[in-house]
Amino acid sequence: MTIPVEITINGKACAGEVEPRQLLVHFIRENAGLTGTKVGCDTSQCGTCTVQLDGVSAKACTVLTVQASGSSVTTIEGLSDGVDLHPLQEAFWNNHGLQCGFCTPGMIMAANELLSRNPSPSREEIRHGLEGNICRCTGYQNIVSAVEDAAKSMGGR
Amino acid sequence: MTTRIFGSGIRRREDPRLITGRASYTDDIKLPGMLHAAILRSPYAHANITSIDASGAASQPGVVAVYTGADTDGVLNGMPCAWLIPGSDLKTPAHPAIAKDKVRYVGDAVAVVVAETRYQAEDALEHIAVDYEPLGVVVSPKAAAQDGAPQLHEDVPNNIAFTWAVAGGDADAAFADAAVTVSDTITLQRLIANPMEPRSALAQWNAPMGELTLWNTSQNPHIARFLTCVVTGVPEHKIRVIAPEVGGGFGSKIPYYPDEAITSFCAMKLGVPVKWTETRSENYQITTQGRDHIEEVEMAATSDGVITGLRTTVYAGMGGYLSTASPGIPTILHGLMYSGPYNIPNISGTIYGVFNNGCPVDAYRGAGRPEATNLLERLVDLVAAAVGQDPAEVRRKNLIPKFENGHDVATGITYDSGDYEAALDSALSAAGYESLRAEQAQARADGRCVGVGVSSYVEICGLGPSQVAGAVGFQGGLWESAIVRFHPTGKVHVMIGSSPHGQGEETTFAQIIASEVGVDVDDVDVIHGDTDNTPMGWGTYGSRTTAVSGAAVAVAVRKIKDKSRALAAHLLEAAPEDIEYEDGRFFVRGSPDQHKTIQDIALMANVAWNMPEGMEPGLEASAFYDPPNFTYPFGAHVAVVEVDPETGRIDLQRYVAVDDCGPQINPMIVEGQVHGGIVQGVGPALWEGAVYDDDGQLVTGSMLDYALPRADLLPELEVHSNTTPSPHHPLGVKGIGEAGTIASTPTVYNAVMDALRPLGVTRVDMPLTPEKVWRAINDARNGG
Ligand code: FES
Ligand code: FES
């Protein structure tokens, strides 16, 4: 059995016929062909699949595609055109906030939500805000610096 | 244009694609007609397979094929072990890609389903009926080596895969004469590497051409090509292995796995592309783990704390089978480092590599060296406690004095250069050691448990001279090669055989080129990870990429510079010895206006209108660099913790690191490696450990149960460095990928024990979870 869905991803309508059990992250990667969103685990622990769902950050592996039908999703590809970078992207780059880059899309999306809730977080608050996202490469320190830096350039302080 | 680009913390050239979601990792690649594989895995740790009926799966929706060990038997060769350590009576029992008669760990592959979608392939697994006859299980590597333990392989008595010994001086005499001896039994638990990208393989078979292309999450595509050839029988020149973007590895993406072989088999059988990607749960079961040591260790010293001897007996778990490099890890990369940064004249160690019913164990960040440093640093602290001296001072009096060009240690290897006392001094002063001790005394007076941990380390990396590789049984070389190619417009491609996956060599190697010949960093692109368009190389692991591959880049670009000088001399009508070079310009000595830029040279060499007699066209050079010795980075780290004796909770308050990896090409990247490395070593001290129960079931089977470091659990790391060049390296550099992990586990452990010592607690098995610490405190209080 399949169910028709339509989800607006990065401003573009994506329609499909999906199984009710399909995870949103798979719709984004397989049906919409946007592979910037990653799958790093199967227990909703790692945060590599983090996207914005109707403006709120969500782990796309914990949402069914059918639940998201009619919603709008922003993925890392939608954060900027890839050339004129979003301040968070710029800050991750400037602060060496990534190594292998696999956690990075989810990390940036989670940080984006963090800054929308708290435009000038302390380093401590950033660390707590990102506890749902695992990075195995950086030891987090430069990620914290990147988010702090982005907050400044986004006018938080 | 700046020649001082070497040493600048410029931002990375690989980042734009990574921060925008435009990078392609293996699982991101989709080929037309591609099918998906899912692998059925043994739920038993040890069992005979009495029957398999796969027919139920074959009729499931979307299923295209189902294969078992009966299908791969005789088609795929066994999984090879590629580190055959000599003099160890090494046994290499058969390791089929798909188990046919017997399974030896939970996760051993039993069958594979290929279907149109991954969901369908996974669904169909449930319709394969396998009958198992469970066998006795043994998990502890020491228990596995005892008489009467369940036997994993018929031809391996007592499960002992190898017995390897290291000796120097006369350890028994040193212990007989010692005023002080200390001992411990250390369990260095199994660790799961956890690169954030799960492993993946995508195989494409071009039947008419007999060509196999394998996209693979590999740290070493050229080794993967060679081993694909060994296992599938496809000739090496007909195999192309591509490691596209790779999301971390930490050693776990060195081995060639059954899954790659199975995926290739399916693609070759079906003639369509087949992709397999592990789930995280599968990763925990099947992707090689690290450590798994039980170490019985003792140290001898004078009453003044001068170390005179070290003895060890180590049981190193191998898991159910030998993985690609397993035997070399607890031996060559571990036992040979038993002197650490110290003068230890008498050393003897025996290492048993033991099969046990768990995931195969292989290299994990530091691979053998964290285990060596951990046991040494713990013993040094026990010596300090036994002689009643400050642990930093006991280290100082035992450190090998500064040397610039070679120092032999009792295990028979020669360190390249070191200034260990300077590193210790820098770390102690950065930490404010004396005031820390004063604060600690005050805290103790107030009834608080504050501890300070110190460790000194040296590691062996930049692997390594190929002749040594051969002598220690590594079934390959350890050199690296590079091709530097100048295009007519003066832009540059650098092709390397190593395969970075987060370490930033697309940037640092461009910096090497830029600083040698004065092109802009942005004019250099570094190509890696594809066996069809990169020269041979042995891969990225063992902190060897900058140390070995970077040296090849340096040697190649210096050839370019020599040719450029000769061509400039010809064009300027001067003698080559009168040509000077500065900032990308070759000029006649004394008249800098008469010059040719490197871009002028590149253009002329490529069009070749006016070349000197006998000079070939083109501006391209390759280099094969086989290092004359390993490199030996070192350092000293300090940690401060406070333990809550009522809950056993540990608060890691400060972490100070001083590392010396020689000159730094890009200090920002070095610091990033140190950060990540430290955190991966703090993990096993405090939180991480793979736990198998007595039935060989993986209790820590997901990220829910395996406690990875998270952002909110860590203090701000204080990272510093010293600079002692390697005497034998063209750039003096040593390597930094593993240093943090090697040093931080014992630093944190020692800090916690330092905090607990007044309570009578002297040892606790890692990870130091609150429960274990609380129990140890309680036991000590109750006189236990
Ligand atoms: S994939 Fe790990 S949290 Fe979603
Ligand atoms: S950069 Fe590799 S996991 Fe975060």
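Student: How does α4(A) pass α5(A), in a right-handed or a left-handed crossing?
Tutor: The crossing of α4(A) past α5(A) is right-handed. Keep in mind that this is a predicted model.

Student: At what angle do the axes of α4(A) and α5(A) cross?
Tutor: They cross at roughly 125°, and the axes come within 10 Å. That makes α4(A) oblique to α5(A).

Student: Which residues of α4(A) meet α5(A)?
Tutor: On the α4(A) side they are L88(A), Q89(A) and F92(A). They meet T104(A), I108(A), A111(A) and N112(A) in α5(A). By class, this contact has four nonpolar and three polar residues, and no charged ones.

Student: OK, next helix pair. How far apart are the axes of α4(A) and α7(A)?
Tutor: The axes are 8 Å apart. Helix α4 of chain A covers residues 87-94, and the angle with α7(A) is about 135°. The two helices are therefore oblique to each other. Their crossing is right-handed.

Student: What makes the contact there?
Tutor: From α4(A) come P87(A), L88(A), A91(A), F92(A) and N94(A). From α7(A) come A146(A), D149(A), A150(A) and S153(A). Six residues of this contact are nonpolar, two are polar and one is charged.

Student: And α5 with α7 in chain A, what is the angle there?
Tutor: About 45°, with the axes 11 Å apart. Helix α5 runs over residues 104-117 and helix α7 over residues 141-153. That angle makes α5(A) oblique to α7(A). The crossing is right-handed.

Student: Which residues of α5(A) and α7(A) meet?
Tutor: M107(A), A111(A), L114(A) and L115(A) in α5(A) meet I143(A), V147(A), A150(A) and A151(A) in α7(A). This contact has eight nonpolar residues, with no polar and no charged ones. A111(A) also takes part in the contact of α5(A) with α4(A). Likewise, A150(A) is in the contact of α7(A) with α4(A).

Student: Zooming out, what domains does the assignment give for chain A?
Tutor: It gives domain 1 at 3-77 and domain 2 at 87-153. Taken over C-alpha atoms, their centres are separated by 21 Å.

Student: How many residues does each domain put into the contact?
Tutor: Domain 1 of chain A gives 15 residues, and domain 2 of chain A gives eleven.

Student: Which strands supply the domain 1 side of that contact in chain A?
Tutor: β3 (50-53) and β4 (56-59) of chain A each supply at least two residues. The largest share, three residues, comes from β3(A). By class, the domain 1 side has five nonpolar, nine polar and one charged residues.

Student: Switching to chain B. In what order do the strands of its seven-stranded open sheet come?
Tutor: The order is β3-β5-β1-β12-β9-β10-β11, and the pairing is mixed.

Student: Which strands stand at the edges?
Tutor: β3 (63-68) and β11 (239-242) of chain B do. Each has a single partner strand, so one side of each is left without a neighbour in the sheet. On average, neighbouring strands are turned by 20° against each other, direction ignored.

Student: What joins β1 to β12 in chain B?
Tutor: Two bridges do, and the strands run parallel. β1 covers residues 35-41 and β12 covers residues 274-277. L35(B) stands opposite V274(B) in β12(B).

Student: Which strands does helix α4 of chain B lie across?
Tutor: Helix α4 (residues 118-125) of chain B lies across β1, β3 and β5 (109-115). The angle to β1(B) is about 25°. Helix α8 (residues 258-270) of chain B packs on the sheet too. That helix touches β1, β3, β5, β9, β10 and β12 of chain B, and its direction makes about 30° with that of β9(B).

Student: Last topic, the two chains. How many residues are in contact?
Tutor: 43 residues of chain B are in contact with 43 residues of chain A.

Student: Which elements of chain B give two or more residues to that side?
Tutor: They are α1 (15-19), α9 (280-286) and α18 (667-686) of chain B. The largest share, seven residues, comes from α18(B). By class, the chain B side has 19 nonpolar, 13 polar and eleven charged residues.

Technical notes. Residues numbered from 1 in each chain as written. Chains lettered and ligands numbered in written order. Predicted model: local features only at pLDDT ≥ 70, side-chain atom pairs only at ≥ 80, totals over all residues. Domains from an automatic or database assignment. Contact = placed C-beta atoms within 7 Å. Helix = DSSP H or I, 4+ residues; strand = E, 2+ residues; numbered from the N terminus. Nonpolar A, V, L, I, M, F, W, Y, C, P; charged D, E, K, R; others polar. Axes fitted to C-alpha atoms, helices over the stretch in contact; angles between N-to-C directions. Parallel < 35°, antiparallel > 145°, perpendicular 65-115°, else oblique. Left-handed = near helix turned anticlockwise from the far one by under 90°. Pairing = 2+ DSSP bridges.
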